[in-house]
Amino acid sequence: MNLVDIYFKMKKDVQYIEDELEKAIDTPVRELNQSSTHLLKAGGKRIRPVFVLLGGKWGNYDVKKLKHVAVPLELIHMASLVHDDVIDDADKRRGKDTVRMKWDNKVAMYAGDYIFARALAIASQLPIPKLHQILSNAIVEVCKGEIQQVKDLNNWDQNFRTYLRRIKRKTALLIAISCQLGAVASGATDEMIRKMYWYGYNVGMAFQITDDILDFTGTEKQLGKPAGSDLVHGNITLPALYSAHHGKARVQFQEWIAQNTFWDHTDEAIRMVREDEGIAFSQRLAERYIARAHAILADLPNNQAKTSLTGIANFIIDRKF
């Protein structure tokens, strides 16, 4: 089952969440409304809301209840992207001008803050203390991940463990708690809540590693931004880190780094990473995380939710966008 089939089977509820997302950030303040809805209108996979809905299938499924989790998690993700684009001086996101590009950095920061605040307001409507504890802790960890990414900009001395810890906080955690909180909100068992978290964690790690591979191997049309953007902005991901320390290109990379001239050779460096062993190394690691996700699903009852979760895991490892 591919992603289109999965979304089609959930079409009614996914569209309901999409409508609720738009309502969530609607405001009579014209510029704030335009800047806040700009990224929403650019589209996206909505993978976090879908994971919330699938996590909710393991308890008493109620989309009107799950929206109080699905909408906030997507809004938190959106807010982080708006802020990321300010930090990265990014011009394009999902093939469209970023909020900072269309307006300016100040508007982008306040738009991100507004989206984030609306997320918390909507989540507060669900009176489940455990849910709020998990969500608030995750937000703290995401902020730590974002700060770590800023600290690690242009830092070639970071190791693989630093990278993995950063992507856990930056990406995998929100996907993990999307699955987990869907189960929490639906009243699933503690065992199922735990399994949904670890399934989401492993899929989330693979998702970000694949994203970092695609940043080198994808086209601008596929990515919605220029290929190699991460490296150009100083964000050193796993394929480049491998090339710099273990790959065929390491001698040239180390020479540029030692001479402090690396950033004069980014186009050549991007080409070298594409041709180096770091891409295959990163792909194998992503496949290991997906294998762990499949192992967790193997113990679950056979139903439509399991089939969909299996399909999404397969999509993540094979995706080209």
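**Note on aromatic contacts**

1. The charged end of R292 sits over the ring of Y289, at 5.1 Å from its centre. The criterion: NZ of Lys or CZ of Arg within 6 Å of the ring centre and within 35 degrees of the ring normal. K57 likewise lies over the face of Y61, 3.9 Å from the ring centre.

2. On the basis of the model: it is predicted, so local features need pLDDT of at least 70 and side-chain atom pairs count only at pLDDT 80 or more, while totals for chains, interfaces and linings use all residues. Residues are numbered from 1 along each chain as its sequence is written, and side-chain values use heavy atoms, with hydrogens and water left out.

3. Rings of Phe, Tyr and Trp (its six-membered ring) pair if their centres lie within 6.5 Å; planes under 30 degrees apart are stacked, over 60 edge-to-face, the rest tilted. The count is 13 aromatic pairs. One of them, F51 with Y199, is edge-to-face, at 6.0 Å centre to centre and 75° between the planes. F51 belongs to helix α4 (residues 47-55) and Y199 to helix α10 (residues 190-217), so the pair ties together parts 148 residues apart in sequence. Helices are DSSP runs (H or I, at least four residues), numbered from the N terminus. F51 and Y199 are both buried, that is, under 20% relative accessible area with a 1.4 Å probe, protein chains only.

4. F253 and W256 form a tilted pair: 6.0 Å centre to centre, 40° between the planes. Both lie in helix α14 (residues 250-258), three residues apart, about one turn of the helix. F253 and W256 are buried.

5. Ring pairs also join W156, F253, W256, F262 and W263 into a cluster.

Conventions: Helices (H or I, at least four residues) and strands (E, at least two) are DSSP runs, numbered from the N terminus. Buried means under 20% relative accessible area, exposed over 50%, partly exposed in between (1.4 Å probe, protein chains only).
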